Amino acid sequence: LLVGGPCTVEPGKVVGLELSDIMRSHSDIEKESAVYLKKALAVYEAVASRAVNAGHTIDVWACSLDQVGLFEMKSCVERTAGIFVMAESFNHPMFKRSFEMFFARDENDQLLLGAQASLDVLTSRELKVAGAIGPVASLNKASSCVSQEMEVGIGGTSAWRICGIDPATTLSIYFEIVNNHNQPIPEGQYRYVQFVTKYQHSSGEYRQRVSTVAGRWADGANLMEIGAGFDQEAAAVLLARMAVYKTENEEAFDILRWLDRMLIRLCARFADYQKDSPESFNLSPNFSLYPQFMFNLRRLQFLQVFNSSPDETAYYRSYLNRENTLNGLLMIQPTVMSYSMSGPPCPVLLDVASVKPDRILLMDTFFYVICFSCDTIAQWRKAGYHEDPKHENLRNLLQAPKDDAAAILEERFPYARYIETDQHGTQARFFYFFANPSVTHHSAGDAAYGSGENFIFTDDVSLQVFMEHLKKLAVSSQ
C-alpha cells in the first residue's frame, strides 16, 4: 500500500477533508477527543482479520510530510507480518533504497520473502507457552503446552500464523515454569522446547524447519549457575517488547513503575552486596550492562511519546517488535564511535561527556545515523582547512565517519535517516536526545556558562543518579 496522505473518506477515515481539520495527537488520544479514532481502528482491525484468514501480508509505504494514519493501520501491518516504511516523499532515499532492498534476491535469483508461514511450539511438561510478541496472529491452538495461568502478548495458543516471513523476522516466545512443589524438578534434568516453522518459499516450495533446544534445570538456590546463563542483551529486548505491548492497555507511568520493580527484583536477587550498604553493591559481568539498558529504555520514544506523533510511535514500536536482538539493542542503546587525530576510531560512552572539541562522533540508533562534528572540528571545516593539501589528515578525518555511515546505511532496512550536524547546530538535538545527561545546567552550575564545558539543558536524571537510587533500593532490608 503506497500512501501519500491520510484517508479522508469512509471507511477508514482518520481526518476530515477540510484543511482546518488537523491530525490527532497523543494528547487527543489520551483525552479521547480523537473523533475518528475508534471507528477507524475497528475498520482496520476487520481488514487485518480478513488478510490474516487469507494469508495476505499488508505493507505500508507512507511518504508524506504529515501523518497518514499509520497509528490506525498498525493492526493491518503487525498482524499480517507486514512492514512500515516512512519517508518525506517518494523521491527520498529512505523510500527508494528501502524499496530496492525489500525486493532483494538471493544467489539463485529468488526473493528473500516467504509466505503462508506458521510457528508451532512444543515443550516438555515443566514448561508452558505463555505467549508470543511479534508480527504474528493467533491460530488458537489449545494444546497441552499452553499456559492456563499466564498470558504474555498473544497467548492462549501454542501456534501462530506468520503471513509473511524473511530472514530478519524475529519473534519473542515467553514461557511459564509449572511444576508441583511437592515434586521438585531434579537438578540437571533436561528441559526441551521445539519450534516447528512451516512456510512457502518464493520458489513455490513448501518448507518445514524443526529446531529443538535443550537445557538443564538448576536449583533455584544456585544463583551462580542461573546467573551464568543470563543473556542480558536478549533479556533487555524481551522486556522492552513486553513493555511496548503493555502500552496498548496501560498507562506509560504504570509501565515505567513495572520496569523499575522488575529491575530492582533482579538486582536484589543476583547482585553481591551487604544489607543496607549501597557501597558494597556489585553486579557480575553477565548483569552489569542490564541496568543501563533499562535506564535508556525508560527515556526513549518507545515509552515516552512526548515530541512524537502517533504515526511515529507506531512505526518505532513495530520495528522493536520484529527486529533481532542486535538491532533491538541498538534501538534501546545506540552505539557511538569517536574519530580524532589522536588514534583510530574507537567506541565511546553514550554520554554528553563524550563530546570533546577535537572529535567527530558517529551515532547509530537504527532509525537514525548521526554524524556529529564537535566544536573545533566544525570550525576547522568551516574555515576550509581540509581543502588545503597540507591538511590531508583533516580531510581523511572528515571523510572516515561518512564512509562508515554509508556502509551502515547500505545494509540497514528500512533505510535510516542520515543526519550531519555540528555541536551547536540546529540538528544537534538528535544526538543529545539519546546521550546520557551526565552534565546538565543544574550540575554544571553558573561557572560552566561561557567556559566551553558541554552540558545539556534538561531535568532528566543521569545514569549515575539512576544507579545510586537502584543500589539503595536493591540492598534495602525492607
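This is a predicted model: local features need pLDDT of at least 70, side-chain atom pairs count only at pLDDT 80 or more; totals for chains, interfaces and linings use all residues.

Q: Where does Phe-90 lie, then?
A: Phe-90 is in the loop between S3 and H4.

Q: Is Phe-90 buried, exposed or partly exposed?
A: Partly exposed, because its relative accessibility is 34% and that class runs between 20% and 50%.

Q: Which residues make the nonpolar surface patch with Phe-90?
A: Leu-2, Phe-99 and Phe-103. With Phe-90 they make a patch of about 360 Å².

Q: On to H4. Which of its residues are buried?
A: H4 covers residues 93-102. Met-94, Phe-95, Arg-97, Ser-98, Met-101 and Phe-102 are buried.

Q: And what covers them?
A: The cover includes strands S1 (2-3), S2 (60-63), S3 (84-87) and S17 (417-422), plus helix H12 (392-411).

Q: Switching to His-386. Where is it?
A: In the loop between H11 (375-382) and H12.

Q: What is His-386 in contact with, leaving aside neighbours within four places in sequence?
A: Trp-380, Arg-381, His-391, Leu-394, Arg-395 and Leu-398.

Q: Zoom out. How many helices and strands?
A: The protein chain has 15 helices and 17 strands. Its radius of gyration is 25 Å, close to the 23 Å the globule rule gives for 478 residues, so the chain is as compact as a globular protein of that length.

Q: What does the C-alpha trace span?
A: About 70 × 65 × 50 Å along the principal axes.

Q: What share of the residues is buried?
A: Buried residues make up 46% of the 478.

Methods. Residues are numbered from 1 along each chain as its sequence is written. Side-chain values use heavy atoms; hydrogens and water are left out. Buried means under 20% relative accessible area, exposed over 50%, partly exposed in between (1.4 Å probe, protein chains only). Helices (H or I, at least four residues) and strands (E, at least two) are DSSP runs, numbered from the N terminus. Contact means heavy atoms within 4.5 Å. Patches are made of residues with over 30% relative accessible area and no salt bridge: like charges are joined within 9 Å, nonpolar side chains (Val, Leu, Ile, Met, Phe, Trp, Tyr) within 5 Å. Accessible areas come from the Shrake-Rupley method with a 1.4 Å probe; for residues, only the protein chains shown count as cover. A salt bridge is a side-chain nitrogen of Lys or Arg within 4 Å of a carboxyl oxygen of Asp or Glu. The radius of gyration is taken over C-alpha atoms; the globule rule is 2.2 Å times the number of residues to the power 0.38.
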